[in-house]
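Me: I have a structure to look at and some words I'd like to understand. Could you take me through them?

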Amino acid sequence: MRNIGRKLNRIIVALAAVSASAGAAAQAQTIAIQNARVYTMAGENAGRVDNGDVIIRDGVIAAIGQDLTAPEGATIINAEGRIVTPGVFAVWSQIGLAEIGLDEEANDASSKDGFDISAGLNAADAFNPASTLIAINRAGGVTRAVAAPEPGAKMFGGKGAIVNLSGRADSLVRADAVQSVAMGAPGLGYNGGTRLGNWAALREALDEARAYAANPSGFIMRPRADDWSISDLKALVPVAQGAQPLFVTANSVVDLRTLIKVKAQYGLNVIVLGGNEAHLIANELAAANIPVVIDPLMNLPSQFEDLAATQKNAAKLNAAGVTIAFFNPPSGSHNLRLLPQLAGNAVANGLPYDEALKALTVNPARMLGVAGRYGTLELGKAADVVIWDGDPLETSTRPIAVLIDGRVTSLKNRQTMLRDRYKDLSRGALPTAYRGAE
Amino acid sequence: MRIRIYAAATLAAIFAAAGCGQKEAASNDTANEASSEAAAADDKAPAGENKPGAQAKPSRWAADPFPSTYEPYPSVTTLIRGATVLTGAGERIDNGSVLIENGKIAGVGGADLAAPEGANVIDANGKWVTPGVIDIHSHLGDYPSPSTASTSDGNEATAPNTAQVWAEHSVWPQDAGFTRALAGGVTSLQILPGSANLFGGRTAILKNVPSRTVQGMKFPGAPYGLKMACGENPKRFYADKGGPSTRMGNFAGYRAAWIEAAAYKKKWEKYWDELDDWNSKSGAGDKNKKDGGEAKEPEAPTRDLKLETLAMALSGDITVNMHCYRADEMAQVIDMSREFGYKVSTFHHGVEAYKIADILAENGICAAVWADWWGFKLEAYDAIRENAAMIDAQPGSCTIIHSDDEYGIQRLNQEAGKAVGDGAHMGLEIPPERAIEWITLNPAKAMRIADRTGSLEAGKMADVVIWDRNPFSIYAKTEKVFIDGALLYDASDPARSPRMDFEIGQQGNGFVGGSGQ
């Protein structure tokens with residue numbers, strides 16, 4: 001299916017040199033990617049430009065077109081016809097918060113029962129750019145993500161951040177960017193075990209946040225239920241005012257319709273997380289301008305709230321005009337690099353190819369209100385760029401270069417180092433522990 | 001509450017197993033299927049006889065109290081031609097043909113393979129044809145959809161050794177997951193108990209053909225497997241319940257059980273020797289002679305289901321399936337298997353198999369792995385994407401891609417495709433005709449059903465998948481799935497898409513996407 005030829009090796013060698021020099025320079029260099037099939041994700045056909053060039057300067061896209069003249073001193077990368085896209089944007093993850101799922105000390109993704117603060121938790125306080133997940137997923141073409149705590153002790157998850165996957169100290173781009181709440185089955189445990197309780201509790205919290213916002217000092221003085229801490233209410237103020245996106249886990253038609261009502265009633269900015277039955281009311285969701293983040297593989301009646309789950313979900317939502325993006329709870333933050341596989345499955349089940357690429361790149365940026373900066377390759381936007389060695393959605397395709405903010409990043413990571421350490425199992429002069437740790 | 005339910009189920013199993021009139025104990029439903037199953041009697045060789053290389057002594061453990069009542073559905077003589085055929089036995093045939101007759105593979109060849117008079121001919125130009133996909137690690141039916149407390153039947157997590165439980169007694173044949181797996185080309189699968197325990201219990205090998213009863217799905221004549229687990233899971237489940245709480249505790253637990261099982265095995269073997277001796281002296285079962293005052297008929301030891309399963313693992317009648325992530329633990333398990341004289345068939349989940357791929361190959365042990373799952377627990381931290389390719393690179397190796405997941409089982413082809421891609425990126429070129437073995441012949445070998453299925457070879461079960469393109473592509477979909485020659489899934493024909501009881505009459509009817517998706 002693939003032929004990793006000598007040409008590819010040449011590009012990799014060239015990039016390694018670029019990467020090494022980039023490490024030394026604080027400023028991103030000027031780079032010209034030439035002879036690529038570029039999907040800018042702006043305009044018709046996902047903005048496809050064949051034989052296209054991309055000029056990157058000062059971390060942003062400086063020019064896109066055919067037969068561009070590379071600026072003097074630019075590092076030139078000949079893509080040799082390969083596909084170039086914006087980096088994959090993971091719209092929902094716990095990256096940088098969870099290193100090992102089942103290891104409490106290495107998992108800050110959600111708090112345990114009994115802890116009082118929920119919406120007020122802030123991913124920015126614990127996001128770890130040195131997490132191994134970052135380099136590993138970057139090597140899979142993921143350049144940007146939401147890093148958000150998940151609902152744990154209470155129904156709200158906490159303040160999520162938008163981060164890049166450069167691994168640099170400044171990779172947390174925007175703190176306090178999103179909030180999340182568990183409705184549907186994930187919410188039942190918090191709210192008396194019913195969906196009625198879920199919605200009543202959400203309304204209650206939003207009302208409290210509004211009351212707090214109207215008169216903070218007066219609110220603190222008055223007697224009140226102690227369900228929500230002041231830090232929770234503070235965190236919920238921008239949500240209640242519709243200024244901050246709220247991820248809402250919901251799958252059933254019933255919950256989705258109630259969400260449409262609650263959104264209208266409070267003027268919320270909501271993003272559905274789950275939406276397994278969303279395709280059944282795709283038109284209503286489109287009319288309500290509610291984007292939906294789905295796992296496009298879901299096709300089993302896993303719970304009673306997703307009896308109508310189908311792999312056609314992506315195609316049907318898209319056809320109705322709903323903005324979609326992908327997530328995959330089973331593989332979670334460790335395998336954000338599998339987002340293209342999800343997209344490929346959606347294509348195999350009817351989603352147009354261009355729309356699948358958008359769901360990986362520009363749609364998340366739109367949902368989060370950052371499309372002015374991320375998600376497309378357009379002049380002045382962040383140069384998050386991936387050169388793929390084949391169709392980005394194919395099982396066998398891997399990135400050969402990943403740029404974040406115009407910098408060529410390293411594709412080396414803990415997994416590639418383990419691979420290289422063990423690829424020759426013959427007994428050497430020293431134990432394997434002496435190999436390939438540099 | 002839950003424990004009481006489990007205990008009741010176990011008692012029922014003991015009574016059923018202890019009874020001689022197995023079919024009388026079965027429900028009416030089962031009896032109906034059982035009666036028609038006589039036709040397939042030749043498929044029902046005792047487990048021990050399926051092993052490659054005849055045994056000196058036929059196994060006497062091979063009681064089969066819940067016998068398979070599976071009977072193939074009608075097969076139409078069919079010639080698939082013009083396809084790229086991956087035989088599963090290492091061959092790729094471009095413009096190839098596969099002939100299905102009487103539920104068996106009647107021929108595999110090139111364009112010159114002739115269609116018998118009246119055969120249904122499928123022009124599969126541009127399509128790919130492979131053996132049915134086999135998943136060696138599934139929990140369909142014992143962790144079914146919907147996933148509720150009521151249906152959670154996969155882990156008898158009440159003691160670290162529950163070798164006495166049998167996965168088939170938890171399998172709910174109405175799990176919709178079977179139908180989705182079918183649409184993914186899966187024709188046979190092994191259902192395992194979960195991994196909470198050192199000894200989880202017996203596995204069940206099924207044909208992926210919907211049935212009212214589990215017996216109606218059981219792969220005729222397939223040997224049982226034993227599920228065992230290394231590492232974190234038993235530690236986590238039993239640390240506060242009397243142990244084990246450490247890996248050394250795990251090993252002490254395995255070894256104590258093997259010692260007991262060896263003694264149990266010896267006791268039965270002694271009994272059988274005495275019985276043979278008595279039979280020969282008193283005239284081969286001639287009951288009348290017993291009254292002649294000669295030696296008394298030896299008394300059979302009391303059966304113990306737990307020790308029986310373990311003894312059968314020691315005697316090789318049951319395959320050993322060891323859930324083990326870490327390389328160092330796998331190496332110690334191999335030594336333990338030598339200590340007690342049994343053989344590990346497969347290490348399941350071996351995320352660190354690449355570190356000891358040479359040792360696994362030397363010992364003839366298969367490694368069943370995911371393509372890229374990692375990091376959900378510390379023992380899965382060292383997973384690498386090249387694991388399967390690096391296992392495969394060892395001479396004599398046995399690489400298997402498994403799912404352990406109701407979604408992963410629907411696309412084992414994609415999982416293999418990813419692993420092939422990562423192999424290629426490190427210079428290990430694995431051609432499709434070899435990669436297909438990871439999800440067909442190799443699991444069949446590990447489950448000891450490779451003499452019946454797992455490859456497209458004359459005489460084997462006609463378990464065949466027609467894909468719309470190279471199955472390792474992300475866009476590949478199955479078009480037709482044959483099991484024992486019967487067309488049981490057809491993407492273009494809703495009448496050839498099963499719907500489970502749970503799904504019908506529901507919103508979406510379980511098939512909003514159509515054709516099993």
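Me: What makes strand S13 (residues 366-369) of chain B and S14(B) a pair?

Reply: Two strands pair if DSSP finds at least two bridges between them. S13(B) and S14(B) have three bridges, in the parallel sense, so they count as a pair. One of the bridges joins Ala368(B) to Ile400(B) in S14(B). Strands here are DSSP E runs of at least two residues, and helices are H or I runs of at least four, both numbered from the N terminus. This is a predicted model, where local features need pLDDT of at least 70, side-chain atom pairs count only at pLDDT 80 or more, and totals for chains, interfaces and linings use all residues. Residues are numbered from 1 along each chain as its sequence is written, while chains are lettered from A and ligands numbered from 1 in the order in which they are written.

Me: Why do S8 (199-202) and S14 (399-401) of chain B stand at the edges?

Reply: The open sheet runs S8-S10-S11-S12-S13-S14 in chain B, with mixed pairing. S8(B) and S14(B) each have a single partner strand, so one side of each is left without a neighbour in the sheet.

Me: Why is H4(A) called roughly parallel to H7(A)?

Reply: The axes of H4(A) (residues 195-214) and H7(A) (residues 253-266) cross at roughly 15 degrees and come within 12 Å. Axes are lines fitted to C-alpha atoms over the stretch in contact, with angles from 0 to 180 degrees between N-to-C directions. Angles under 35 degrees count as roughly parallel, and that makes H4(A) roughly parallel to H7(A).

Terms used: Angles under 35 degrees count as roughly parallel, over 145 as roughly antiparallel, 65 to 115 as roughly perpendicular and the rest as oblique.
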